[in-house]
Amino acid sequence: MADIDLPESLLDLERTAWAEWQAGALTVPTALAVQEAITAHAAVTAGVSRYEVEMAVKRAVRNPELAA
């Protein structure tokens, strides 16, 4: 997977969603905010799909040891 520059704001959104999910309290607005931010970032990142951005974000937040 290509090394994708992820803005801290996007990682913060995913951290919030992940914490809510783990607590069994993920809300639609939180999930939607993450998806919209992922889609927007992919749109301005040349040659990187939304799927690649989403996987990089999840890896960075959920499995940081694999993100390096």
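Contact here means heavy atoms within 4.5 Å. By that rule, and leaving aside residues up to four places away in sequence, leucine 10 touches Val34, Ala37, Ile38, His41, Val53 and Val57.

This is a predicted model, in which local features need pLDDT of at least 70, side-chain atom pairs count only at pLDDT 80 or more, and totals for chains, interfaces and linings use all residues. Residues are numbered from 1 along each chain as its sequence is written, and side-chain values use heavy atoms, without hydrogens and water.

The predictor's confidence in each residue, pLDDT, runs from 0 to 100. Its mean for the protein chain is 92, with 94% of residues at 70 or more.

| Helix | Residues | Mean pLDDT |
|---|---|---|
| α1 | 8-22 | 97 (highest) |
| α4 | 64-67 | 74 (lowest) |

Now for the inside. A nonpolar core joins buried Ala, Val, Leu, Ile, Met, Phe, Trp, Tyr and Cys residues through side-chain atoms within 4.5 Å; buried means under 20% relative accessible area, exposed over 50%, with a 1.4 Å probe and protein chains only. The largest such core has 14 residues, and Leu10 and Ile38 are among those with the most contacts inside it. Helices α1, α2 (28-44) and α3 (50-62) each supply at least two of its residues.

Which residues of α2 are buried? They are Thr30, Val34, Ile38, His41 and Ala42. Seen down the axis, the directions to their C-beta atoms fall within an arc of 105°, so these residues line one face of α2. Their cover includes α1 and α3.

Notes
Helices (H or I, at least four residues) and strands (E, at least two) are DSSP runs, numbered from the N terminus.
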